[in-house]
Amino acid sequence: MPVFDRPLASLPGQERIVRNSHGGQVFIHATAAETAGALGMWETFSAPGTGPHWHTHTRETEAFRVIAGRYRFWCGDAVLEAGPGATITLPPHVPHRWQNISDAPGRMLAIVTPGGFEQMFIELERTGARTNAEVLAIETALGIVDSGLAEPTG
């Protein structure tokens, strides 16, 4: 892995734009490969009523900063609601999911540490994965346990 010893810039209009598993855009700002594994960072855009299935990260802590919209987060037995300006940090090894519960498109900045999970979005785009089996194969390779791929996202 390369050394991370100089600034990394993700400039407006030059972001790497890919997609998430529920059809929204993702702007990749930093990857594990670029930060010597330290972190991954992206912005995720989600339509009303959308969000990922229940899943568990076996490697990363995730932090979300809500920029637009209103979100509900489920993490284990806890349920939290968050609007613009809120930050929610989710531990590894605990099943969780989130959903945009507003009537407008939502936007969040997300960071994982250590980095690596951002590769999920890059692989979805690269492979064109659309089916549950294709998405599950990518998640499994990245240490994600998906306990809800067969469930609806709403």
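**Aromatic pairs and a nonpolar core**

Tutor: Of the 25 residues in the largest nonpolar core, those touching the most other members are Trp 42, Phe 64, Phe 73, Met 108, Phe 117, Met 120 and Phe 121. Keep in mind that this is a predicted model.

Student: Which helices and strands each supply at least two residues of this core?

Tutor: Strands S2 (25–30), S5 (61–68), S6, S8 (87–90) and S10 do, and so do helices H1 and H2 (132–141).

Student: What is Met 108 in contact with, leaving aside its neighbours within four places in sequence?

Tutor: Its contacts are Trp 42, Glu 43, Thr 44, Phe 64, Arg 65, Val 66, Ile 67, Tyr 71, Phe 73 and Trp 98.

Student: Let's turn to the rings. How many aromatic pairs does the structure hold?

Tutor: There are eight aromatic pairs.

Student: Why is the pair of Trp 42 and Phe 117 called tilted?

Tutor: The ring centres are 5.8 Å apart, and a pair needs centres within 6.5 Å. The planes stand at 55°; stacked would be under 30 degrees and edge-to-face over 60, so this pair is tilted.

Student: What makes it a link between distant parts of the chain?

Tutor: Trp 42 belongs to strand S3 (residues 40–46), whereas Phe 117 is in the loop between strand S10 (106–113) and helix H1 (119–127), 75 residues apart. Both residues are buried.

Student: And why is the pair of Tyr 71 and Trp 98 edge-to-face?

Tutor: Its planes make an angle of 75°, and the label applies over 60 degrees. The centres are 5.5 Å apart. This pair also links distant parts of the chain, with Tyr 71 in strand S6 (residues 71–75) and Trp 98 in strand S9 (residues 96–100), 27 residues apart.

Student: How do you know that the charged end of Arg 97 sits over the ring of Trp 74?

Tutor: That charged end is 4.6 Å from the ring centre, and the distance limit is 6 Å.

Student: Why is Trp 54 called partly exposed?

Tutor: Its relative accessible area is 23%. Buried would need under 20% and exposed over 50%, so Trp 54 is partly exposed. You will find Trp 54 in the loop between S3 and strand S4 (55–57).

Conventions:
Residues numbered from 1 in each chain as written. Predicted model: local features only at pLDDT ≥ 70, side-chain atom pairs only at ≥ 80, totals over all residues. Heavy atoms only, no water. Phe/Tyr/Trp six-rings, centres within 6.5 Å; stacked < 30°, edge-to-face > 60°. Helix = DSSP H or I, 4+ residues; strand = E, 2+ residues; numbered from the N terminus. Buried < 20%, exposed > 50% of the residue type's maximum accessible area, 1.4 Å probe, protein only. Lys NZ or Arg CZ within 6 Å of the ring centre and 35° of its normal. Core = buried A, V, L, I, M, F, W, Y, C linked by side-chain atoms within 4.5 Å. Contact = heavy atoms within 4.5 Å.
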